[in-house]
Amino acid sequence: ISGKLMEVLEGCLPEKEEGQSILIIGLGNRNVTPDALGPLVVEHLDITRHLVKEYGKYALDGEADRLVSAVVPGVMGQTGMETVEIVRGIVEETEPDFVIAIDALAARSVRRLNRTIQIADTGIAPGSGVGNHRIGLTEKNLQTKVIGIGVPTVVDAATIVHDSMAHLLDALEEAERKEFLEEMISPHLHTMFVTPKDVDETVKYLSFTISEGLNLAFC
């Protein structure tokens, strides 16, 4: 899986050049397991920027083609700052050639929960899947190319009910189904999000898979 991830990722990245600088952002809250994907990925990365800057690429047996740095900015409740404010400051100071942002997502189907790795070359909007809309990490906001990598680790109550009743609602259009179910679900359930009972082990496995794919792409 890591090898396939590397292949897809390389198709989204600028042409590989020696000395390219990559900033990897681990989005999410390390203390909340379903939201800890980004921070856990950063823990497994091969960080090389400081070594190459200090000693040259031969400090790593001449294998460091790219300079990899990473940061875990936390969430607004911990820092009092928008994630984009923190990342923008780092980008302005370190001037990476591109940014990769990793975050946990909310699934639009139960079948995709913890099974899909999504990659987009248009950036990522932290918290949008759970209704916590924050300013997006995009090329427009950071003035550099942003690749978003996400895995759906939670699903909302309306989606669970939707999938369960799908056969009964085949006559309705997709948008009408979702609207109907959201109206049927009581307000306190509408904001409920669910995650599988084995999420601890799954998130660790997914974080290792993504980090290995990134390490393969940048070695």
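Q: Which residues is Arg-30 in contact with, leaving aside its neighbours within four places in sequence?
A: Arg-30 is in contact with Ala-36, Pro-39, Glu-43 and Val-72, where contact means heavy atoms within 4.5 Å. This is a predicted model, in which local features need pLDDT of at least 70 and side-chain atom pairs count only at pLDDT 80 or more, while totals for chains, interfaces and linings use all residues. Residues are numbered from 1 along each chain as its sequence is written, and side-chain values use heavy atoms, with hydrogens and water left out.

Q: What makes the pair Arg-30 and Glu-43 a salt bridge?
A: A salt bridge needs a side-chain nitrogen of Lys or Arg within 4 Å of a carboxyl oxygen of Asp or Glu. For the side chains of Arg-30 and Glu-43 the N to O distance is 2.6 Å, so the pair meets the rule. By this rule the count comes to one salt bridge.

Q: Why are Arg-30 and Glu-43 called partly exposed?
A: Buried means under 20% relative accessible area, exposed over 50%, and partly exposed in between, with a 1.4 Å probe and protein chains only. Arg-30 has 42% and therefore counts as partly exposed; Glu-43 has 49% and therefore counts as partly exposed too.

Q: Is Asn-29 buried or exposed?
A: Asn-29 is found in the loop between S1 and H2. At 15% relative accessibility, Asn-29 counts as buried.

Q: What makes the pair Asn-29 and Gln-78 a polar contact?
A: A polar contact is a pair of N or O atoms within 3.5 Å; within protein, one must be able to donate a hydrogen and the other to accept it, and residues adjacent in sequence count only if both atoms are side-chain atoms. The side chains of Asn-29 and Gln-78 make such a contact at 3.1 Å.

Q: Why is Ser-211 called buried?
A: Ser-211 has a relative accessible area of 0%, and therefore counts as buried. Ser-211 sits in helix H10 (residues 199-218). A polar atom of the Ser-211 side chain lies 2.9 Å from the backbone oxygen of Phe-208. Leaving aside neighbours within four places in sequence, Ser-211 is in contact with Val-41, His-44 and Leu-45.

Q: What makes a set of residues a nonpolar core, and how many residues has the largest?
A: A nonpolar core is a set of buried Ala, Val, Leu, Ile, Met, Phe, Trp, Tyr and Cys residues joined through side-chain atoms within 4.5 Å. The largest has 27 residues, and those with the most contacts inside it are Leu-9, Ile-24, Leu-37, Ile-100, Leu-214 and Phe-218. Two or more residues come from each of H1, S1, H2, strand S3 (98-107), strand S5 (145-156) and H10. The largest share, seven residues, comes from H10. A second, separate core of twelve residues includes Ile-25, Leu-27, Leu-142 and Val-146.

Note on methods: Helix = DSSP H or I, 4+ residues; strand = E, 2+ residues; numbered from the N terminus.
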